[in-house]
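Here is a short note to read alongside the model. Keep the structure open and check each point against it.

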Amino acid sequence: ITSRLRGLVKVGYQKRDYKEQDKKDFEGLSVFANLTEKLTSRTKLELSGDAGVSESSYSTNNYYRLSGLGLKVIHKLSPKWELSLGGSYYLDKYPEETTEGTQRAKREDGIWTGGFALNYQMKNART
């Protein structure tokens, strides 16, 4: 996109036919996007987004729709050591209503994640 900003977009189509009459099928797009901004020669910022479906084992739902955003900062400490810090938020939506206790509704899960990593590259990558 620019000399410091790189982008990647992946788009796919999924069709899931579950064969059982009481199971809801899925047909639709899946999308992944990533932007990486080189802040300095040793630090970069990554923003990613995801939308699609994933298999489910919850009640009568075969799948759930997922959508989320993630943000990560990566800093090269030395030629072999790298530190990253990041987090994400995902919203999972199930297509079928289910009963939990006395309530009947479509399930939705909001999931926050966070973490850090310290990576060591054992040998140099060849290009």
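1. Start with the order of elements. From the N terminus on, the protein runs β-β-β-β-β-β. That makes 6 strands and 0 helices. Keep in mind that this is a predicted model.

2. Now the overall shape. The radius of gyration is 20 Å, while the globule rule gives 14 Å for 127 residues, so the protein is more spread out than a compact globule. The C-alpha trace spans about 55 × 30 × 30 Å along its principal axes.

3. Next, burial and surface. Of the 127 residues, 24% are buried. The protein exposes about 9,500 Å². Carbon and sulfur atoms supply 55% of that area.

4. Contacts along the chain deserve a look. Take the contacts between residues at least 6 apart in sequence: 44% of them join residues at least 24 apart.

5. Is S84 buried or exposed? Its relative accessibility is 11%, and buried means under 20%, so S84 counts as buried. S84 sits in strand 5, residues 81–100. Leaving out residues up to four places away in sequence, S84 touches K72, V73, I74, G115, F116 and A117.

6. Which residues form the nonpolar patch on the surface? They are L77, W81, L83, L85, F116, L118, Y120 and M122. Together they have about 910 Å² of accessible area. Strand 5 and strand 6 (103–120) each give two or more residues to this patch.

7. Finish with M122, one of the patch residues. M122 lies in the segment after strand 6. Its relative accessible area is 72%, and exposed means over 50%, so M122 is exposed.

Notes:
Residues are numbered from 1 along each chain as its sequence is written. This is a predicted model: local features need pLDDT of at least 70, side-chain atom pairs count only at pLDDT 80 or more; totals for chains, interfaces and linings use all residues. Side-chain values use heavy atoms; hydrogens and water are left out. Helices (H or I, at least four residues) and strands (E, at least two) are DSSP runs, numbered from the N terminus. Buried means under 20% relative accessible area, exposed over 50%, partly exposed in between (1.4 Å probe, protein chains only). Contact means heavy atoms within 4.5 Å. Patches are made of residues with over 30% relative accessible area and no salt bridge: like charges are joined within 9 Å, nonpolar side chains (Val, Leu, Ile, Met, Phe, Trp, Tyr) within 5 Å. Accessible areas come from the Shrake-Rupley method with a 1.4 Å probe; for residues, only the protein chains shown count as cover. A salt bridge is a side-chain nitrogen of Lys or Arg within 4 Å of a carboxyl oxygen of Asp or Glu. The radius of gyration is taken over C-alpha atoms; the globule rule is 2.2 Å times the number of residues to the power 0.38.
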